[in-house]
Amino acid sequence: MLVLGIQGSPRKKGNTAHLLSIFMKAAAEMGAETITINPYDYKISPCLEYTACEKTGTCPIKDDVETLIYPLMRRATIIVTGSPAFFYSAPSQLKALIDRTQPLWSRKYRLNLDDPIRPFRKGFFLGLGATKGKRLFEGFDLMMRYFYDAAGASYEGMLGYREIEKPGDMAKHPTAENDVRTEAERLIRQYMTRLRLVFLCRDNSFLGPAAAAFTMKEAGCVYDAESFGINPSEKVHSGLVPLMAEKGIDLGFVNPAGIEKFHGDINSAMKIFIGSNESEADGFKYDVFWKTPDYKDQDVNLDAILDLISEKVSGLNK
Ligand SMILES: Cc1cc2nc3c(=O)[nH]c(=O)nc-3n(C[C@H](O)[C@H](O)[C@H](O)COP(=O)(O)O)c2cc1C
């Protein structure tokens with residue numbers, strides 16, 4: 001399970017970075033995979049309001065958002081955003097990223113596509129600022145509510161710290177460490193008891209992502225399902241996203257991961273190998289084999305393969 005931290009300050013070793021690191025450290029200690037991104041490290045154009053995303057579900061601006069950031073947001077079960085107050089709002093690079101989540105909003109609310117992790121994904125906010133202002137976090141609270149709705153997460157609340165100005169101020173705060181750890185435990189612990197299910201396949205471009213998505217949609221409170229390839233492709237198969245969309249499942253921005261990306265102890269996971277032939281596993285150990293027609297055959301019915309996988313996933317719970 002991925003916990004994604006978004007560190008919104010341009011100061012990489014500032015107060016926000018410190019506050020967020022408490023959450024991320026607690027998440028890692030509970031066994032979650034953790035990734036922290038600094039929007040200032042990425043090419044993020046501001047939204048130019050082309051509104052094309054409302055029809056296509058993708059952004060015409062080609063920068064790091066679609067290739068690097070959406071895939072992380074889509075893979076994450078917990079997203080925690082940290083930000084300093086800059087004129088009662090977020091620093092511009094973080095705000096640019098927030099505005100660019102409009103395509104994710106469009107996929108859900110205009111195209112009626114359901115991201116299979118959405119029912120489980122949770123968002124939290126960690127804020128701070130220099131002043132004592134009573135209303136310092138009111139704008140953030142609203143912004144985060146709508147940002148997380150677009151990102152496909154339920155907004156679980158925030159912690160805000162006042163009178164934090166110079167680097168090092170946050171680290172001296174008497175209760176922050178305990179407050180943040182308590183919230184991290186509350187959000188993450190419940191998910192760490194799920195059974196880890198690994199769908200292994202040859203290139204992870206069709207069978208694996210579909211199986212993981214069906215599992216999360218049907219039984220994401222019981223399983224934490226992910227897919228990995230023995231020899232991962234660069235991109236998913238061109239038929240996967242449109243065919244799954246016909247079933248109402250959104251696999252936009254999914255990238256095929258290789259087995260080396262598995263986080264944790266692979267022996268603790270149940271491993272299902274999916275493919276047309278067991279030899280495709282290349283000696284890799286697994287617990288169960290699901291045989292499917294070869295989806296790369298010219299005349300194969302891809303939709304029928306997806307239905308077969310869906311049926312097998314339903315059988316997991318029987
Ligand atoms: C451009 C700018 C605008 C700021 N605006 C506010 C503000 O509106 N309210 C506030 O309380 N602090 C404001 N601050 C102070 C920062 O929020 C504060 O110094 C914070 O600790 C910086 O966090 P960091 O170390 O993570 O960057 C502002 C700072 C800058 C540089």
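Visitor: Why does lysine 108 count as partly exposed?

Guide: The relative accessibility of lysine 108 is 24%. Buried requires a value under 20% and exposed a value over 50%, so lysine 108 falls in between and counts as partly exposed. The model is a predicted one.

Visitor: What makes lysine 108 and aspartate 114 a salt bridge?

Guide: The closest N and O atoms of lysine 108 and aspartate 114 are 3.4 Å apart. The cut-off is 4 Å, and the pair therefore qualifies as a salt bridge. Aspartate 114, with a relative accessible area of 29%, is partly exposed as well.

Visitor: Why is lysine 62 called exposed?

Guide: The relative accessible area of lysine 62 is 62%. Exposed means over 50%, so the term applies to lysine 62. Lysine 62 also forms a salt bridge with glutamate 66, where the closest N and O atoms are 3.5 Å apart.

Visitor: Why is serine 9 called buried?

Guide: Serine 9 has a relative accessible area of 7%. Buried means under 20%, so serine 9 is buried. Serine 9 lies in the loop between strand S1 (2–7) and helix H1 (15–29). Leaving aside neighbours within four places in sequence, serine 9 is in contact with Thr16, Tyr40, Pro84 and Pro91. A polar atom of the serine 9 side chain also lies 2.8 Å from the backbone nitrogen of arginine 11.

Visitor: Is phenylalanine 253 buried or exposed, and how do you know?

Guide: The relative accessible area of phenylalanine 253 is 13%, which is under the 20% limit, so phenylalanine 253 is buried. Phenylalanine 253 is found in the loop between helix H9 (240–246) and strand S8 (270–275). Its phi is positive, about 70°, although phenylalanine 253 is not a glycine. Threonine 51 has a positive phi too, near 60°, and this residue is partly exposed at 44% relative accessibility.

Visitor: Into which domains is the chain divided?

Guide: The division gives domain 1 (2–191) and domain 2 (194–316). The contact takes 20 residues from domain 1 and 15 residues from domain 2. About 1500 Å² is buried between the two domains, with carbon and sulfur atoms giving 57% of this area.

Visitor: What makes aspartate 250 and arginine 74 a salt bridge?

Guide: The closest N and O atoms of aspartate 250 and arginine 74 are 2.9 Å apart. This distance is within 4 Å, so the pair meets the rule. Across the interface of domain 1 and domain 2, two salt bridges are found. Helix H3 (64–75) and helix H5 (102–109) are the elements giving two or more residues to the side of domain 1 that touches domain 2. H3 supplies the largest share of that side, five residues. By class, that side has eight nonpolar, six polar and six charged residues.

Technical notes:
Residues are numbered from 1 along each chain as its sequence is written. This is a predicted model: local features need pLDDT of at least 70, side-chain atom pairs count only at pLDDT 80 or more; totals for chains, interfaces and linings use all residues. Side-chain values use heavy atoms; hydrogens and water are left out. Domain bounds come from an automatic or database domain assignment. Contact means heavy atoms within 4.5 Å. Buried area is the accessible area (1.4 Å probe) that two parts lose on being put together, summed over both. A salt bridge is a side-chain nitrogen of Lys or Arg within 4 Å of a carboxyl oxygen of Asp or Glu. Helices (H or I, at least four residues) and strands (E, at least two) are DSSP runs, numbered from the N terminus. Ala, Val, Leu, Ile, Met, Phe, Trp, Tyr, Cys and Pro count as nonpolar, Asp, Glu, Lys and Arg as charged, and the others, Gly among them, as polar. Buried means under 20% relative accessible area, exposed over 50%, partly exposed in between (1.4 Å probe, protein chains only). A polar contact is a pair of N or O atoms within 3.5 Å; within protein, one must be able to donate a hydrogen and the other to accept it, and residues adjacent in sequence count only if both atoms are side-chain atoms.
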